[in-house]
Amino acid sequence: MTSIRSIDRFEYRAPGSLDETLDILKTSGTDAKVLAGGTDLILQMKQGLIRPSLVVDVKKVPELNRLEWDEVGGLHVGAVVPLNKLATFPAILERYNILAQACSVIGSAQVRNRGTMAGNICNAAPSADSAPALLCLGAGAVVASSNGARSIDLNDFFVAPGETAIGDGELMVEIEVPTPPPHSAGCYIRHTTREEMDIAVVGVASFLTLSPQDKTLKEARIALGAVAPTPVRAHGAEAFLTGKSVTPDIIEEVAEKAAAEANPISDLRGSAEYRRELVRVLVRRTLRESCSELGLIE
Ligand SMILES: Cc1cc2nc3c(=O)[nH]c(=O)nc-3n(C[C@H](O)[C@H](O)[C@H](O)COP(=O)(O)OP(=O)(O)OC[C@H]3O[C@@H](n4cnc5c(N)ncnc54)[C@H](O)[C@@H]3O)c2cc1C
């Protein structure tokens, strides 16, 4: 078990603009850390897992506080918007139910008051609850540095446990999520050993788009958390499901395929075998939920 210790001395900066933040990150060493809600970062510092010489608190940067949605432009979630604000934002409740489900299971009310979705994915834990939902929704991360801005497809964002595609001197500004297409539905379900305040043993998100004319699935996305070094899509299961009419047997077969694609480890939360079985169960449940919302099954 990792022990808690006092934090080493570090410089603290709280810039008030994006330009100022990017200037600081440009000239700071590679051990500088960005602070959003701090619910991961401060704990890691207390545990001595990281010892940044500089912590850049970005909560006062106006661009990072943006939370907007419109039909054409989609959803824009600034990097410091707290999770509780997201889980109750009307557009998210109405159009991005899968995201509301994912954000509302993270930690406790206190953690969600501080913690952010950007922090959740930048921390890059394989179990990050928002990651499978964002992967299913086709989200992208907008990052900026003093050299300009770029967007990283979430499919290319997670590199390894604790490692992302964000480069030195870069800051995540916002997460952008396209508006879900008509006739689509999704669901995120995770399994934890305790009811609350525990990370996922396995988390699964499914997202389906229906072709209303013939009731086949135009597109199927399935993403898995805590069963590989990074959150992953179950591409084989998705390909098998796409174009099909849903039946209970098909759902069962897709769940089997997703379980076979998972690459879990054994740890104190569960064995690899148990996790694989959980993938099968949770893929089946999330697909049933999504199909029921689309009126395909009771
Ligand atoms: C008691 C407790 C329970 C928890 N339960 C869950 C849970 O159920 N599910 C779950 O997924 N997580 C859980 N967590 C982890 C944590 O709360 C979440 O990951 C949270 O979303 C992190 O957001 P934050 O804003 O606090 O990130 P921070 O701690 O501020 O940052 C996390 C990492 O991201 C980097 N970072 C943050 N913002 C940016 C940015 N704009 N640009 C570049 N890098 C950035 C930081 O430098 C740091 O490395 C829990 C944590 C605690 C303490």
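Residues are numbered from 1 along each chain as its sequence is written. Because the model is predicted, local features need pLDDT of at least 70 and side-chain atom pairs count only at pLDDT 80 or more, while totals for chains, interfaces and linings use all residues.

**Exercise 1.** Determine how helices α5 and α8 are oriented to each other and which residues meet.

*Solution.* Helices are DSSP runs of H or I with at least four residues, strands are runs of E with at least two, and both are numbered from the N terminus. Begin with the axes, which are lines fitted to C-alpha atoms, for helices over the stretch in contact, with angles running from 0 to 180 degrees between N-to-C directions. Those of α5 (residues 97-104) and α8 (residues 130-137) are 8 Å apart, at an angle of about 165 degrees. Angles under 35 degrees count as roughly parallel, over 145 as roughly antiparallel, 65 to 115 as roughly perpendicular and the rest as oblique; α5 and α8 are therefore roughly antiparallel. Finally, taking residues as in contact if their C-beta atoms, placed from the backbone, lie within 7 Å, I98, L99, A102 and C103 in α5 meet S130, A133, C136 and L137 in α8.

**Exercise 2.** Determine how α10 and α11 are oriented to each other.

*Solution.* The axes of α10 (residues 248-261) and α11 (residues 272-293) come within 8 Å and cross at roughly 140 degrees. The two helices are therefore oblique to each other. Among the residues of α10 in this contact are I251 and E252, and those of α11 include R276 and V279.

**Exercise 3.** Which domains does the assignment give, and how far apart do the C-alpha centres of domain 1 and domain 3 lie?

*Solution.* The bounds, which come from an automatic or database domain assignment, are 11-57 for domain 1, 62-177 for domain 2 and 184-292 for domain 3. Between the C-alpha centres of domain 1 and domain 3 there are 35 Å.

**Exercise 4.** Describe the shell around the ligand.

*Solution.* Of the 32 residues around the ligand, A36, G37, G119, N120 and C122 come nearest. Helix α7 provides the largest share of the shell, 4 residues, and domain 1 and domain 2 each contribute at least three residues.

Note on methods
Contact = placed C-beta atoms within 7 Å. Near = placed C-beta within 6 Å.
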